[in-house]
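Notebook open. The structure goes in here.

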Amino acid sequence: MRDGFRVVGIRQTTEPPVSVSGSRRQGKPVVSVLVLLLLAVGCLTCDVFVQRNPSYLDLAHSCVAPNREFVFGTDTMGRDIFSMIWYGGRISLGIGLVSTFIATAMAVVLGAVSGCASRRMDGVIMRAVDILLSVPSLLVVILLQAVLGKAGVLSMSLVIGMTGWMSMSKVIRTEVRQIKNSGYVTASRCMGGGFFHILWHHLAPDFLSSVMFMVIMSVRTAIVSESTLSFMGIGLPVEIISWGSMLSLAEQALAGRAWWMILIPGIFLVTTLVCLTNLGNCLRRRVTARHSNL
Amino acid sequence: MISKRHLEVLMHKILFLFGSVFVLSVLVFYVSRLAPGDPLVSYYGERAEKMSPEEREWAENKLGLNDSIHVQYIRWLQNAFQGDFGISYKYKMDVTEVIGGRIGNTLILGGIGFVLIFVLALALGILCAWQEDKLADRVICRIGTITSCIPEFWLSLAGILIFATALRWLPSSGAYSIGKENSLADRVWHLILPLSVVVLSHLWYYAYMIRNRLLEEVRAEYVLLARMKGLCRRQVLFGHCLRNAMPAYFSLMALSVPHVLGGTYIVETVFSYPGIGTLTYESARYQDYNLLMLLSLLTGMIVISCNMLAQAVSERIDPRLRMDDRRNYEEVDRI
Amino acid sequence: MSELLEVRNLSVSFDTPAGEIQAVRDVSFTVKAGEVLAIVGETGCGKSVLCKSILRLLPDIARIKAGRILLNGTDITDYREHDMCGLRGRVFAMVFQNPMTVLNPSLSIGVQIAEAVKIHRPGMSRQAVEQRVLELLRMVKIDHPEERSRQYPGHLSGGMRQRCVLAIALAGEPALLFADEPTTALDVTIQAQILNLFREVQAKLHMASIFVTHDLSVAAMAADRVAVMYAGRIVEIGRVEEIFRDPRHPYTWGLMRALPILSGGGRRLYSIPGMPPTLINPPKGDAFACRNEYALDIDYEKQPPLFPVTDTHFAATWLLDERAKGLAVKAPDFGWREAGEMGTRPAAKPGSSLVKQTDQPAESDIILEVQHLTHRFPLSKKETLTAVDDVSFQICKGEILGLIGESGSGKSTVARCIMNVYRPAGGEILYQGIDVCDPKAFRTHKKMLQSSRQIIFQDADASLNPRKKICDIIVEPMKLHGVKPPRGTVRAEAAFWLQRVGMDAAYLDQYPGALSGGQRQRVAIARALSMEPAFLVADEPVASLDVSMQAQMVNLFKQLQEELGFSLLFIAHDLAMVRFLCDRVGVMHRGKLVEISPVEELFHHPKQPHTRRLVESIPVPKFDWIGQERRRDR
């Protein structure tokens with residue numbers, strides 16, 4: 001027939017695959033991750049490039065504004081701020097990581113127990129967590145610090161970790177409850193999936209992604225806690241250099257109008273925190289995936 | 001319309017409040033006394049370290065510290081019921097007087113800060129949700145994230161450095177200039193910097209929360225039905241979405257009381273602002289037991305009653321909460 | 001009658017990161033005052049988008065690319081949001097698909113209706129508003145309107161909520177009501193009630209309406225005119241008798257043949273092969289060509305225009321072109337006559353040879369025996385809900401038993417008890433003589449029980465882990481049981497089963513999110529079958545799918561069962577589909593098994609009133625003319 005007028009029936013046509021990955025890259029915190037990496041590497045390898053001993057008290061050069069010799073200046077005790085930043089970063093970031101580890105461990109255990117427990121038990125645990133959450137953490141930290149004696153890096157991490165697990169455990173508990181009742185876990189159970197199989201193949205992947213956000217935020221909170229406590233004089237003593245304890249000399253700095261003593265550690269601190277927040281927010285589940293009905 | 005049921009509920013809540021305060025008092029009392037540290041130092045200062053054992057015993061006897069801890073607690077409880085909370089070791093005054101002289105300052109700072117935070121956060125959150133993904137929203141989000149990352153104490157320091165030391169626009173410490181205790185203008189003048197720090201450091205957390213909650217609500221299907229009725233966007237946002245988001249916001253407000261209060265304490269310390277924040281931290285640090293007890297109980301009571309209030313309010317607004325107890329707390333991740 | 005709404009060459013697109021989705025392409029139609037237009041098509045054909053684009057309820061990423069929308073002759077295409085607010089509720093109203101999510105959960109029904117009443121009559125007194133709310137509630141037949149108006153959506157059932165949504169839609173006395181699949185999310189018996197309510201209200205208020213559905217039989221019951229949509233285009237439009245008596249587009253033929261009611265008691269359902277295309281890159285030519293057994297060469301090259309059949313009937317197919325006259329492609333026989341007979345009198349069908357012999361089966365033939373099964377859920381400290389109440393039945397080897405009932409009748413609970421998800425409160429479940437409820441017996445035979453019984457869940461989205469690839473999902477049970485893959489690698493095994501359920505092996509590396517509902521359900525089936533089970537439970541596997549997809553699925557089950565010979569417990573809420581698949585059917589109502597009998601027996605002699613209600617709720621187009629016309633033709 002003319003012009004293709006004949007019945008050919010069903011003909012296989014290939015639909016071009018739809019690529020969705022186009023816009024995924026946008027919005028990833030590349031800069032934040034790079035800055036964090038830079039800071040971490042700098043803190044770890046500072047033995048190589050930092051010449052001055054950060055705890056050497058060079059009383060002849062105390063309170064010197066940034067210049068060519070002392071890039072970031074010196075503090076009122078004559079210590080070189082540039083080297084203090086890197087060595088102090090080790091302590092600050094270290095406390096952040098260790099206390100997050102403690103908090104996460106506690107949160108995972110308690111959240112998982114509460115999530116798997118009977119309704120009654122769950123209610124009791126969550127009520128207790130609520131009460132703990134409503135106590136000002138500053139008070140708790142001071143009390144705990146007092147119990148543990150003189151503050152050191154480990155005891156600080158322990159204290160911060162022990163006061164920071166509550167909100168995370170609530171999130172984990174909700175997550176566990178949700179996944180526990182989800183279809184694919186039931187399906188896996190019916191197929192004969194044991195507890196560990198389900199835990200490893202189904203719970204863990206889901207759970208990790210939602211907990212990652214909380215973990216990152218917990219690092220942030222821990223760093224803030226450490227610096228605040230050290231600043232107020234309840235945390236690390238001046239001899240142990242951290243970004244927080246560097247700032248505990250702020251009163252003298254204000255008196256001597258030594259802006260560099262406040263601004264420089266602060267800028268490092270805030271940059272780290274901003275980068276961590278960006279990273280955390282990107283891990284957070286997107287609420288805006290669907291489109292607004294308004 | 002107060003029925004018997006309402007009264008019952010009210011009684012129940014009051015009982016719960018007293019129960020929790022009692023538990024809290026036991027906890028604080030035992031923990032603080034079991035913690036290492038020398039309360040005599042806060043009473044006698046340096047002198048305590050040079051005391052002979054006899055003198056020490058005499059001093060401890062005088063302060064009632066050498067009885068067993070249970071006896072001490074019962075004595076404290078008995079006295080407390082008669083309105084006597086003991087004396088502060090440091091100030092050598094009745095603790096109620098010590099606190100009474102300062103609590104006003106904290107209430108002004110914390111209270112105004114709290115109201116400002118929540119009004120501004122609500123406004124900002126609504127603005128961002130309304131302008132979702134437009135320029136205004138993006139700029140506000142970016143700035144907000146950064147401000148929320150700055151620790152309170154450092155923001156205070158930076159504020160002092162810029163506005164007090166460098167520019168000399170605002171005073172750097174205290175609640176009033178000496179000799180001007182009664183001048184309102186002077187007090188406001190001193191309040192500006194601490195208040196801005198309290199507000200700025202908390203604002204974005206709550207604004208972001210309300211923004212996200214609203215964005216979630218705006219994606220619900222009931223929005224379509226509401227618009228189908230002929231309501232305009234503004235009416236839907238305020239009449240439906242905001243209404244549904246408010247219960248969560250109220251419970252968050254209640255949960256945030258300790259955080260704002262804690263923030264106030266830090267700010268008070270940096271600005272040497274005479275409030276109970278500085279007092280709390282000193283009393284805990286230097287084993288000023290009686291003062292610490294009363295302060296923790298006060299804080300605890302504020303926290304618990306705010307919690308209950310918020311629960312009651314959200315129950316009135318949101319029938320879902322009455323039907324089942326699926327309360328949905330936002331994660332609270334602050335110091 | 002004048003044209004109330006006129007849509008001219010409307011095209012609507014969504015701008016997504018993956019590309020432009022052309023959801024509605026060059027659509028034109030009109031609706032007269034008081035007229036009902038049904039828009040029919042499979043999911044993803046742009047029906048819903050079309051309605052929402054007229055009401056301007058689409059998100060920002062959607063835009064009207066071309067075309068005009070005229071209301072009573074006035075062009076409203078460029079109306080701003082503010083102008084549209086004035087039209088919505090007063091001129092246009094809409095009833096949505098899912099009544100469970102569409103009402104604001106924190107406002108009482110009365111308040112939500114009152115809001116709709118007040119918005120267009122601001123000066124109305126409080127009493128008058130209240131009166132109007134009650135009047136509306138009565139109009140949609142809600143009992144005890146005073147009390148109901150004070151209740152919150154959470155207290156109401158799905159059917160009730162849909163009535164409330166209708167009340168809200170009617171509050172402003174709209175001239176044109178859009179109904180977007182208003183019955184799809186509801187139970188079968190409720191569906192029939194709501195459908196009747198729509199027709200009543202529509203007749204009473206003389207309002208025009210646009211009724212969107214994927215079910216042709218529903219359209220036939222509700223509409224004056226029918227528009228068939230495919231891949232964003234209207235492929236056929238005409239008066240309802242024209243569409244049903246003389247359909248011209250092969251897609252309409254396909255939809256019609258897929259109607260279970262038109263299978264005339266045959267044992268296999270017709271289904272349109274394949275799936276609707278995604279509209280990101282719509283195929284060249286007629287989008288339906290690749291599923292069309294009558295496709296012409298030119299269909300793959302050029303989009304056919306709408307050819308007029310009569311003054312009111314148009315169809316977009318090259319078959320109507322002058323040049324195709326000689327092809328003699330004729331519409332298949334749909335069997336309306338038989339359907340008409342069945343619809344009017346569901347009496348005995350003589351000589352139904354398909355009824356299986358139901359003598360007491362031999363002991364050895366029974367694969368599963370359920371005896372006095374009871375299960376309770378605790379609601380609060382004092383109350384319990386008896387979800388399953390003394391249910392007993394047997395399934396033989398190689399038999400397909402259907403279990404039907406409304407939602408909440410306990411069918412899924414039975415399935416879950418059988419699969420040891422729940423431990424029943426009473427009764428026995430014997431699988432090949434093993435009491436699976438006895439923990440000790442279960443443990444001894446655990447491996448065998450878990451590999452030879454498999455379950456497919458209702459919600460395929462939920463039962464596939466979204467973070468795993470299709471390949472890993474299918475081989476999960478095999479890995480769990482350490483089965484050595486008979487076809488070499490596990491991947492080959494996954495590919496084999498995927499092809500077995502009618503999917504391409506190219507999907508192995510996809511994630512469930514990239515698949516359509518029907519495809520996901522196929523993956524779930526492949527996963528269950530990969531263990532080559534002797535007994536399979538399918539818990540409402542077709543409930544969330546379109547009619548045409550349901551037909552595909554039912555055929556798939558049938559075919560696989562014939563090939564593999566497993567026993568199947570098939571749970572559904574819809575009698576129509578079950579009929580083509582099952583040997584016997586059990587009907588559940590409020591936790592009790594009220595009737596169990598061979599399928600044709602059940603259809604033609606329902607013993608229980610509840611069963612009768614279910615049989616009657618199957619939408620049957622009652623066209624007197626159908627039978628007559630056909631007879632005259634002969």
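Predicted model: local features only at pLDDT ≥ 70, side-chain atom pairs only at ≥ 80, totals over all residues.

How many of the 6 residues of strand 20 (residues 567–572) of chain C are buried? I looked this up first. I found 6 of the 6 buried, so strand 20 of chain C is largely enclosed by the rest of the structure. Buried here is 20 or more other C-beta atoms within 10 Å of the residue's own, with C-beta atoms placed from the backbone; 12 or fewer is exposed, and in between is partly exposed. Strands are DSSP E runs of at least two residues, helices are H or I runs of at least four, and both are numbered from the N terminus.

Residues are numbered from 1 along each chain as its sequence is written, and chains are lettered from A and ligands numbered from 1 in the order in which they are written.

Entry: strand 20. I checked which way its residues point. C:S567, C:L569 and C:I571 go one way from strand 20 of chain C, and C:L568, C:F570 and C:A572 go the other; all are buried. In a regular strand, side chains alternate between the two faces of the sheet.

Entry: its partners. Pairing needs at least two DSSP bridges between two strands. Strand 15 (residues 400–404) of chain C runs parallel to strand 20 of chain C, with 5 bridges. I noted C:G402 and C:F570 as bridge partners. Strand 19 (residues 535–539) of chain C is also parallel to strand 20 of chain C, again with 5 bridges. There C:F535 is the partner of C:S567. Strand 19, helix 20 (residues 547–564) and strand 20 of chain C form a right-handed β-α-β unit. Right-handed means that, with the strands pointing away from the viewer, the path from the first strand over the helix to the second runs clockwise.

Entry: I read the order as 18-19-20-15-21-22 in chain C, an open sheet of 6 strands with mixed pairing. Strand 18 (453–456) and strand 22 (592–598) of chain C are the edges, each pairing on one side only. Strand 15 and strand 21 (residues 584–589) of chain C pair in parallel over 4 bridges. C:L401 sits opposite C:R584 there. Helix 23 (residues 609–616) of chain C lies across strands 15, 21 and 22 of chain C, at about 110 degrees to strand 21 of chain C. Angles run from 0 to 180 degrees between N-to-C directions of lines fitted to C-alpha atoms, for helices over the stretch in contact.

Entry: another sheet. I found 4 strands in the order 14-13-16-17 of chain C, open and antiparallel. Strand 14 (384–396) and strand 17 (434–435) of chain C each have a single partner strand, so one side of each lacks a neighbour in the sheet. Strand 16 (residues 426–431) of chain C pairs with strand 17 of chain C over 2 bridges.

Entry: contacts with chain B. Contact means C-beta atoms, placed from the backbone, within 7 Å. I counted 27 residues from chain C and 21 residues from chain B. Elements giving two or more residues on the chain C side include helix 4 (109–119) and helix 7 (158–170) of chain C.

Technical notes. Contact = placed C-beta atoms within 7 Å.
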